[in-house]
Amino acid sequence: MITGKITRICGPIVYAEGLEGAGLYDVVDVGSKRLIGEIIRQNKGSATIQVYEDDTGMKVGESVVSNERPLSLRLGPGLVGTIYDGIQRPLKSMFETSGAFLHPGDRTESLDVKKQWEFKAADSIKEGCRIENGLILGTVQETQSVLHKIIVPPYIRGTTLKTFKGSGSYTVDDVIGTTDLGEELKLSQYWPLRNPRPFAKKLEVSQPLVTGQRVIDVFFPLSKGGTAAIPGGFGTGKTMTQHAIAKWCDADIIVYIGCGERGNEMTDVLTEFPALIDPRTGRSLMERTILIANTSNMPVAAREVSLYSGITLAEYYRDMGLHVAVMADSTSRWAEALRELSGRMEEMPAEEGFPAYLPTRLAEFYERAGRVNTLSGQEGSVSVIGAVSPPGGDFSEPVTQHTKRFIRCFWALDRELANSRHYPAIGWIDSYSEYAEEVRQWWDNFDPRWAEVRLSALELLKKEQRLQAIVKLIGPDSLPDTERLVLVVSEMIKNGFLQQNAFDKIDVYSVPEKQIQILLLIMQFYERGLALIKNGATLSKVLALSVREDIVRLKLTVPNDNLELIKETENKLDEQMGALERMYERH
């Protein structure tokens, strides 16, 4: 046992001597209350310790004891549906023992050690068989939505299964087998949260993470295994957009990290998610969700580590061959925690007071996303969606700018759209996605015109923005009919395609087929209307067609399971446009 003494206290940063034999990032018990801490710097016999709990009342001279292991998470059945803080303390269990406020030094098991799980061994696993890292020993039905695979931990060195109990009821502490080197295999395992879990091979991204949000899926798609950022000022809808993605996306597991957010926002998550119904299974969304609640009034050091906790949980389920989506809300609060801790350690600040290693830490987080072949030969992915809260909505501030270096999908929230109740308020001018080419083949299965119509619609919206500058100066009546048609169709795209009603049962979620068919109809209206105007028709004649309003209302009137109704509107468009075309046909 390595023991030292506290020599200096500076908020959550504690300095101690006598820990020369301890390793960097070792977990330590700090003070008489045995608070959880981590050694983040060793310098000539003096250790710098980051304390993850409230250290009010701690005194110089109190002892520090090293656990001689890195800060690790316990991984196993029982994670799904649980609410943790940043250092994997289950908040519900802590509430039952400590009450509404966490007391410094309180401890409880991160997994239920008394619950019996029904373990079903894999047919090929027997005593004496060869094993390797990532091998699936069997399965546990964790929830009705999640089949939990028990895998050989990556740190096991043994190559043969010496003993194996087989199928049965076990707790997470029970030993179900041993290796030829005497290593114990259990339903649970530990993993250092700052270390990425290993995999066999990183794969190219090719399949989109379908969210049901049209502006995302069609205009700015995110692939499974990709990275995205949602920057926006206060009140522009970052959290609500992440909530919608968490509910409707086709990921197998959702890891939601509330990092430094206000308590009322996390309360909304804790009350809404259990009540939400998973559209795929018809059961509670919490049966495939893990929540990490680390609000702004919790210790700042635990906020810093919460992102690593969330991404480690995601990698664990990825290794089972599942697709995991991580919602980090928000990385700006996490960066502010880094800034505060850096200031406490008297480090030289960089731009806006953030530490010089901010880009490195952001890269370490986002680069743990990806689509991979696991050690067991399955395919899994971790998709990361990080919210960014730039002060005053200024996208030129350091966190937003550095984040853009490490993500490939940028959903910029627009203040004007948010104020006009346009949801999602993702602006089509500043946003972009570099995954469009990778997911093109997947979209071609629905309609090979996806890439063409996507670019045409985006170009139309950009042209509309330029025309709006002219309209503000001289008014719309001075524009020719062809350009006024651009303004009208752009409004159709905004109101009939991009804007979604989160409270409408039909419009809250759109299947990919419905998304592309609606946009195709809008663009068909534009192209045929443009041809009519060039042949001598007036804009008023084109706008008088009743089908225009029908197209805008398709999002509200056509359920996802009855897309044949869109064909009726298409026939109506052909009929009304055809009548006008015959009227102005040139001979």
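Me: Which residues are buried in H3?
Reply: In this predicted model, the buried residues of H3 are Lys-238, Thr-239, Thr-241, Gln-242, His-243, Ala-244, Ile-245, Ala-246, Lys-247 and Trp-248.

Me: What makes H3 largely enclosed by the rest of the structure?
Reply: The count does. Of the 11 residues of H3, 10 are buried, so the helix is largely enclosed. Its buried residues pack against helix H2 (214–219), strand E18 (227–231), strand E19 (253–259), helix H4 (263–272), E21 and strand E23 (379–388).

Me: Why is Lys-247 called buried?
Reply: The cut-off for buried is under 20% relative accessible area. Lys-247 has 18% relative accessibility, so it counts as buried. Lys-247 belongs to helix H3 (residues 238–248).

Me: What does Lys-247 touch, not counting residues up to four places away in sequence?
Reply: Lys-247 touches Leu-276, Ile-277, Pro-279, Leu-285 and Arg-288.

Me: How do you know whether Val-215 is buried or exposed?
Reply: Buried means under 20% and exposed means over 50%. Val-215 has a relative accessible area of 2%, so it is buried. Val-215 sits in helix H2. Leaving aside neighbours within four places in sequence, Val-215 is in contact with Phe-220, Pro-424, Ile-426 and Leu-498.

Me: How many residues apart in sequence are Val-215 and Gly-427, and how far apart in space?
Reply: They are 212 residues apart in sequence. In space, their C-alpha atoms are 9.1 Å apart.

Me: Why is Ser-93 called partly exposed?
Reply: Ser-93 has a relative accessible area of 28%, so it is partly exposed. Ser-93 is in helix H1 (residues 91–98). From Ser-93 to Leu-111 the separation is 18 residues in sequence and 9.9 Å in space, C-alpha to C-alpha.

Me: Which residues touch the most other members of the largest nonpolar core?
Reply: They are Phe-219, Ile-385, Trp-411, Val-489, Ile-493, Phe-497 and Phe-525, in a core of 89 residues. Helix H13 (residues 512–534) gives the most to this core, with 12 residues. Apart from it lies another core, of 79 residues, with Leu-75, Phe-119, Leu-137 and Leu-338 among them.

Me: What does Ile-493 touch, not counting residues up to four places away in sequence?
Reply: Ile-493 touches Phe-219, Ala-457, Leu-460, Leu-461, Leu-498, Ile-522 and Met-523.

Me: At what angle do the axes of H11 and H13 cross?
Reply: The axes of helix H11 (residues 450–474) and H13 cross at roughly 60° and come within 10 Å.

Me: Which residues make the contact of H11 with H13?
Reply: H11 contributes Trp-450, Val-453, Ser-456, Ala-457 and Leu-460. H13 contributes Ile-516, Leu-519, Leu-520, Met-523 and Tyr-526. These divide into nine nonpolar, one polar and no charged.

Me: What makes the peptide bond from Asp-329 to Ser-330 cis?
Reply: Its omega is near 0°. Most peptide bonds are trans. Ser-330 is in the loop between strand E21 (323–329) and helix H6 (331–344).

Me: What is omega for the cis peptide bond that joins Tyr-423 and Pro-424?
Reply: Omega is about -10° there. Pro-424 lies in the loop between helix H9 (415–419) and strand E25 (432–433).

Me: What is the phi of Arg-34, and where does Arg-34 lie?
Reply: Arg-34 is not a glycine, yet its phi is positive, about 55°. Most residues other than glycine have a negative phi. Arg-34 lies in the loop between strand E3 (26–30) and strand E4 (35–43).

Me: What is the phi of Glu-68?
Reply: Glu-68 has a phi near 55°, a positive value in a residue other than glycine. Glu-68 belongs to strand E6 (residues 63–70).

Me: Why is Glu-68 called partly exposed?
Reply: Exposed needs over 50%, and buried needs under 20%. Glu-68 has 48% relative accessibility, so it counts as partly exposed.

Definitions and conventions
Residues are numbered from 1 along each chain as its sequence is written. This is a predicted model: local features need pLDDT of at least 70, side-chain atom pairs count only at pLDDT 80 or more; totals for chains, interfaces and linings use all residues. Side-chain values use heavy atoms; hydrogens and water are left out. Helices (H or I, at least four residues) and strands (E, at least two) are DSSP runs, numbered from the N terminus. Buried means under 20% relative accessible area, exposed over 50%, partly exposed in between (1.4 Å probe, protein chains only). A nonpolar core is a set of buried Ala, Val, Leu, Ile, Met, Phe, Trp, Tyr and Cys residues joined through side-chain atoms within 4.5 Å. Contact means heavy atoms within 4.5 Å. Axes are lines fitted to C-alpha atoms, for helices over the stretch in contact, and angles run from 0 to 180 degrees between N-to-C directions. Ala, Val, Leu, Ile, Met, Phe, Trp, Tyr, Cys and Pro count as nonpolar, Asp, Glu, Lys and Arg as charged, and the others, Gly among them, as polar.
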